[in-house]
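Here are a few friendly notes to read beside the model. Please have the chains open as you go through them.

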Amino acid sequence: MLKISNVETFYGKIQALRGVDLDVNDGEIVSLIGSNGAGKSTLLMTISGVNKAKKGNIVFNGENIENKQPHKIVDMGICQVPEGRRIFSRLTVEENLRLGAHANEKGKYFENDIKEVYDLFPVLSDRKTQRGGTLSGGEQQMLAIGRALMSKPKVLLLDEPSLGIAPKLVNQIFLSIKNINKEKNVTIFLVEQNAKKALELADRAYVLVNGKVTIKGSGQELLKNKDIQAAYLEGGAKN
Amino acid sequence: MEKKDIIQSFKDSLFTGLIALALFGPIVGLRTASKGEGLFITPQWGVVFLLVGLCILGRFLINLNSARKTEITFFSKFSSKFSAITEDKAKHFAITAILFAVVFPFLPFTDRYFMDVAIMILTYIMLGWGLNIVVGLAGLLDLGYVAFYAVGAYSYALIATTFGWSFWICLPLAGVFAAFFGILLGFPVLRLRGDYLAIVTLGFGEIIRIILINWYEVTNGPDGITGIPRPSFFGLPFKRSPDEGETSFHLFFNLEYSTMHRIIFLYYLILVLALITNYFTLKIRKLPVGRAWEALREDEIACKSLGVNPTNTKLTAFAIGAMFGGFAGSFFATRQAFISPESFTFIESAIIVAIVVLGGMGSQTGVVLASIFLIGITEMFRDLEQYRMIAFGGAMVLIMVFKPKGILANRKPTILMHGDKK
C-alpha cells in the first residue's frame, strides 16, 4: 500500500535519511522505533510531503507521491498526527476537529464523522466548546488523533503519541490506536520511542538508526531480539 | 507591599528618568530661536525637568500598581469593570452601538464637526476590520495595509475621472484592483512569517506610495488627482442647482438644500460598508476558509499535515483583506474629492495596525473601541495642535499598560453547539 524505497532527505547540507526502505501493507500496524535523531520524524514529514525527499521513491497505492504537495497527499488518504500534537490551542475542540475535515470537502459527512470521533474519545465530547490549549496532554493527543481521523485517512501516520503523557493515558491511547486499526480499517504507521509498547502493538516493525533501517521483522520477533533489548528496551542492558 | 518592592520600583523609575532625560534633553531642552542674524540656542531646562519628573512619577505609579496585583487599585477596578461590560454583553453592546450609529446624525448635538469625526472613525473601523482578516485571523502581520487603501482610492479616482462611471460601478472595481494587488503582495511573501513578513509588507506599502509619486503620466504625481466625482444618491446628485435635465436630491425629496445631506449620506455609506465588512468577517470565520486562516495562525505545520493548502489560504486572506482596504479607499477618494500620495504614508498603516493590536487581535468589537479611543482622542486634542500626537502616544501607552493583550483580548469561540449556553 505504502512503499518507501531508498529515500534520502536533507536539512540543508545535513543528511537526515540515508536511503530508507520500508513497506506498509493494507490493514497493518507497522511500528518504527529508533533513538533521538535517528530520522523517525523526518521520515514521516517526508511521507507527508512537508519535507521533500532528495532521492528515492514513495509509492502510495501505485502512485508516486514524493513530489506531491502536502494537501494533495492528505487528499489521497495519508494523514499525519504530528509530534507534540500541534493542536490549535486557541481554537475550540470542535473547531480543531472541523479543521481535520477540511481536506476534500468531506464536511458533508461531518456530523457522522464527528460522532464517530466522540464515540472513540468520549472525553472530547464533554469538552467540545473548550479551547484546545486548556486540555491535558493526553486529551490533546486524543484530539490530535481525532482531528486526523476526520480526514478519513487510509493510512494514519502517528508520531510519538506517548510523548509527554501520563502512563495511564498512554495505555488508553495505544488501545484506541488498535481500535482504529481493527474497527475502522485504517492502516497505522507508528513512530515511537516507547519501544516496548510500540513493538507489542505492531504486526511488523522496523528499527531506524542514523537514517537507515537496520533491523526489521514482526513485532514479536523484535521484542525478543537481544540487540533491541539491549539498546531500546528497559532492563535489556543487564543481559 | 514590601519595602524592597518600593525601593526596586523607585530605582526602576529613576532609570526611566535617565532615559527620559537623554531623550528630552536635546529635543526639548535645546531650543533654537532666530534673533536678528542667525540662529541661537535657548536652553529651556525647566520644561525638561518637568517632563522627566512626570516620566519618573508615571513609571513609579505604574510600578506600584503592578506590584500590588492582588489588591484592587483604582485602575484595575476600572479596567476589569470595563472588560466585564464588553465581554459578557458583547452582543448587547454591538446592537446598542449600531442603533446609536444609525440615529447619530439626527441627535440634537450632532453638528458638521461631529459628523466629520464620526465618518473618520468609521473609515478607520472599516480599515481595522479589513486588516483584522489578515492580522487577527490569518496571523500575517501586514505593515503596508495602506497600500491597498491607496490602490482602492486611486483606482476609484482614475476610473471615475477617466470614464465618468458612477460610484456604484467603480466601488467593486476598486475592490477587485486592491484584491489583485493583495495577491501580488501575497506571492513573494508566502514563505515569510512574523518579523520578516512585516518588513516586506512595510516595503510594499512604500513601493506603492513611491510609484504614485513618480508615475506622473497616470497618477499626476505629488499633485494628486482633483475633481473626483462625488457620490450621488442612486443617481440623484447633491447639488444646489442641478444641471439641465437632472433632478437633485433636495428637489426630489422636496427638502431645503443643505450641505449636510451629502455628509449624512456619506456617513451612512461608510457605516453600511463597515458593517458589510464586519458581517462578512463574522460569516467567513465559520466557513472552512476562515477556520483555515485561524488554524494557519496557530500552527502552519499542523495545517499542512491536515491537508490545508497554505498557499491558497494565505493568498485569499491577503486578497480579501486588501479588497476591503480598497473599498475604504474608494470611499475616501469620493469623500475628499481630492487624493494625493500624502494621504497614504506609513503612519496610516501604523495607525491601522495599532487599532487592530490595541483592540485585541481578532476581536471585532475591540477594533471599534480602539478606533473610537485613538482617533477620538487625537481629535479631542486637536486644539493642542502639534502636541496631539502626544495624546495619541499616551493613549497607546495607557492601553498597553492596563490591557496588554488589547482592549478585548478574548476571542470568542466561533462554534457553539446546540443546547450550549449562549
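**Notes on the contact and the chains**

1. Where the chains meet, 22 residues come from chain B and 27 residues from chain A; residues are in contact if their C-beta atoms, placed from the backbone, lie within 7 Å. This is a predicted model, in which local features need pLDDT of at least 70, side-chain atom pairs count only at pLDDT 80 or more, and totals for chains, interfaces and linings use all residues. Residues are numbered from 1 along each chain as its sequence is written, with chains lettered from A and ligands numbered from 1 in the order in which they are written.

2. On the side of chain B that touches chain A, helix H12 (288-298) and helix H13 (300-305) of chain B each supply at least two residues. H12(B) gives the most, with six residues. Helices are DSSP runs (H or I, at least four residues) and strands are E runs of at least two, numbered from the N terminus.

3. H12(B) also packs on helix H14 (residues 310-336) of chain B, at an angle of about 105° and with the axes 10 Å apart. Axes are lines fitted to C-alpha atoms over the stretch in contact, and angles run from 0 to 180 degrees between N-to-C directions. The two helices, H12(B) and H14(B), are therefore roughly perpendicular (65 to 115 degrees). B:Trp293 and B:Leu296 are among the H12(B) residues that meet H14(B), whose partners include B:Pro310 and B:Ala317.

4. Chain A holds ten helices and ten strands. Its C-alpha trace spans about 50 × 40 × 30 Å along the principal axes.

Notes:
Two residues are in contact if their C-beta atoms, placed from the backbone, lie within 7 Å. Angles under 35 degrees count as roughly parallel, over 145 as roughly antiparallel, 65 to 115 as roughly perpendicular and the rest as oblique.
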